[in-house]
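The sequence and structure are shown first.

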Amino acid sequence: MELLRVITLVAATITTGLSAGLFYAYACSVMPGLRGTEDRMFIEVMQRINVAILNGWFLLGFVGALATTAVAVALHLPADGHRVLPAAAAALVFYVASLVVTRVINIPLNDALAAAGEPCGLADPAAVRGRFEARWVRWNVARALLCTAALGCLCWALVLHCDLAG
């Protein structure tokens, strides 16, 4: 049971770290890099990114973080795992909150950007970008912070687990 607990905590920490890193990379490089681009270019790049990101490697981290963190919480429910449980449960809450932000805000914004059509055919690309960019960026930062908080909680859970084992 102890080996399974530590493997699950490590897997949750790694996959959550991948998600936190993805959102962090957008916040500090991708979106600032696109900030100065022309409207049609911005829309085209974001449309392409939103298609390209839907792949197995992304889903492994994104869904894997939820699954492994939930399993880590479940494995620490017995009495001998209660010391780790609050940190693992907090990580799950933070990560689920990031998923809610993604589902309620970022995905609908991505869908609206895709529905706008080909950038070269848009009558007012500045308006399309205006409805997307600032809100998407703001909530992406929220996702980065939530995932980073989840990562910190999982790191603390590992510390507690190792302290209990050692």
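## Helix α1

The 34 residues of helix α1, residues 2–35, should span 50 Å at 1.5 Å a residue, and the 48 Å between its end C-alpha atoms agrees with this. The model from which these values were computed is a predicted one. At tyrosine 26, α1 bends by about 45 degrees.

## Overall arrangement

The secondary structure of the protein comprises five helices and zero strands. Taken along the principal axes, the C-alpha atoms of the protein fill a box of roughly 65 × 25 × 20 Å.

## Helix α4

Helix α4 covers residues 85–115, and its 31 residues should span 45 Å at 1.5 Å a residue; the end C-alpha atoms lie 43 Å apart, which agrees. A bend of about 40 degrees occurs in α4 at threonine 102. After α4 comes glycine 117, which has a positive phi near 100 degrees.

## Contact of α1 with α3

Two packed helices are described by the angle between their axes and the distance between the axes. For α1 and helix α3 (residues 56–75), the axes come within 8 Å and cross at roughly 140 degrees. This crossing of α1 and α3 is left-handed. On the α1 side, the contact is made by Leu4, Arg5, Thr8, Leu9, Ala11, Ala12, Thr15, Thr16, Ser19, Leu22 and Phe23. The α3 side contributes Phe58, Leu60, Gly61, Phe62, Gly64, Ala65, Thr68, Thr69, Val71, Ala72 and Leu75. By class, the residues of the contact of α1 with α3 divide into 13 nonpolar, eight polar and one charged.

## Contact of α3 with α4

The axes of α3 and α4 come within 9 Å and cross at roughly 150 degrees. Angles over 145 degrees count as roughly antiparallel, and α3 and α4 are therefore roughly antiparallel to each other. The crossing in which α3 passes α4 is left-handed.

In α3, the residues that meet α4 are Gly61, Phe62, Ala65, Leu66, Thr69, Ala70 and Val73. Their partners in α4 are Leu85, Ala88, Ala89, Ala91, Leu92, Tyr95, Val96, Leu99 and Thr102. The contact of α3 with α4 has 13 nonpolar, three polar and no charged residues. Thr102 of α4, part of this contact, is also the residue at which α4 bends. Among the α3 residues listed here, Gly61, Phe62, Ala65 and Thr69 meet α4 and also take part in the contact with α1.

## Contact of α2 with α4

Helix α2 (residues 39–52) packs with α4 at an angle of about 120 degrees, the axes being 10 Å apart. The two helices α2 and α4 are therefore oblique to each other. In passing α4, α2 makes a left-handed crossing. Ile43, Met46, Gln47 and Asn50 of α2 make the contact with Asn110, Leu113 and Ala114 of α4. The residues of this contact of α2 with α4 divide into four nonpolar, three polar and no charged.

Conventions:
Residues numbered from 1 in each chain as written. Predicted model: local features only at pLDDT ≥ 70, side-chain atom pairs only at ≥ 80, totals over all residues. Heavy atoms only, no water. Helix = DSSP H or I, 4+ residues; strand = E, 2+ residues; numbered from the N terminus. Expected span 1.5 Å × (residues − 1). Bend = angle between axes of the 7 residues up to and from the residue. Axes fitted to C-alpha atoms, helices over the stretch in contact; angles between N-to-C directions. Left-handed = near helix turned anticlockwise from the far one by under 90°. Contact = heavy atoms within 4.5 Å. Nonpolar A, V, L, I, M, F, W, Y, C, P; charged D, E, K, R; others polar. Parallel < 35°, antiparallel > 145°, perpendicular 65-115°, else oblique.
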